Amino acid sequence: MTTFVFPGQGSQFIGMSRDFYDNFNISKEIFKLVSDITKIDIKDIIFKDPSNLLDQTQYTQLAIFCASTSIYQALINEVDMEKLNVKFMLGHSLGEYTALAAAKILSIEDCSLLLKTRGELMQNAFEPNLSAMAAVIGLNCDNVDNIIHDHKLDLSIANDNSPQQIVISGIKKELINAEKIFKKSGAKKFILLNVSAAFHSSLMNDAQQKMEKFINNSSFNNSKISIISNFTAKKSLDHVEIKESLIKQMSNRVRWVESIKTLENNKESLIIEIGPGKVLSGLIRRINDKFDIRNIEKISDIESIKNGI
């Protein structure tokens, strides 16, 4: 059985998915569809980025979704999906939206509009430079939770990425002051991230409430492919459950380690990361090195999948 995973913010780079755009009409159609529905020249941002928009949250999320979806659509036109026997899909943060579009739980049009709105809300959720995120390297989720609790830090875990990488969110001043505490407690590194706000924390509550209205106005369908949500780390085929989890995603932690353990418990073997970069593949290997992990970010990667099934 096979699982598809889709990357989140931080995987973007200028020129991502270009070879698919140049060689597959379906990939070109995805770019046109996303641009037409959002009124954003996504092709220009992804391939040229003359105004330096690609790394701005307002545009990053839509750009990664477009690139990943254009690759996915080329893949399903080239590979025998019955042989792959895909049972699960999941994505990291915005990647969950890509998974929902791939599983046809949400339309590509609705996902494009939702991610345009989500990017704008998250970009502007808090006053600039007052909130932030930091990666804590060398400690697991329980370690970080205990440090936050014991030292009464006004911080929260945003991403439980791997047993050795936890991302925390909060007021920037609080984060900076907490660096010494985490290092004294065993953290190997404490890295402030280049993001616009404290994502996946209570500081996103207002943005999440606004986003809920847009999600509720979108049409969700049931699927034959289970989604493992960031919010629960549990599998579901029920579009109502999937929608409720998506609504709560923005201000709560991404339970990536637990999500991969859900795949372990369901005896999954092959995981294919679809989209720019190999960030998720690296995280998954640190959680469990027994999975067969593949990546599709260039055309030649599709050939390797064809040869392996």
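Trainee: In which sense do strand β7 and β8 pair?
Mentor: In this predicted model, local features need pLDDT of at least 70 and side-chain atom pairs count only at pLDDT 80 or more, while totals for chains, interfaces and linings use all residues. Residues are numbered from 1 along each chain as its sequence is written, and side-chain values use heavy atoms, leaving out hydrogens and water. Strand β7 covers residues 226-228 (strands are DSSP runs of E, at least two residues, and helices of H or I, at least four, numbered from the N terminus). Two bridges link β7 with β8 (pairing takes at least two DSSP bridges), and their sense is antiparallel.

Trainee: Which residue in β8 is the bridge partner of Ile228?
Mentor: Start from β7, which spans residues 226-228, and you will find Ile228 there. Look across to β8, at 235-236; the bridge partner is Lys235.

Trainee: Which strands stand at the edges of the open sheet?
Mentor: The six strands of this open sheet run β8-β7-β2-β1-β9-β10, with mixed pairing. A strand with a single partner has one side left without a neighbour in the sheet, so the edges are held by β8 (235-236) and β10 (292-296).

Trainee: Why is α6 largely enclosed, and how many of its residues are buried?
Mentor: Gly95, Tyr97 and Leu100 are among its buried residues (under 20% relative accessible area; exposed is over 50%, partly exposed in between; 1.4 Å probe, protein chains only). After α6 comes Lys104, with a positive phi near 65°. The helix is largely enclosed by the rest of the structure because its buried residues number eight of the eight.

Trainee: At what angle do the axes of α2 and α4 cross?
Mentor: Among the residues that meet are Ile30, Phe31 and Val34 in α2, with Leu62, Phe65 and Cys66 in α4. The axes of α2 (residues 25-38) and α4 (residues 57-78) come within 8 Å, and their crossing angle is roughly 145°.

Methods:
Axes fitted to C-alpha atoms, helices over the stretch in contact; angles between N-to-C directions. Contact = heavy atoms within 4.5 Å.
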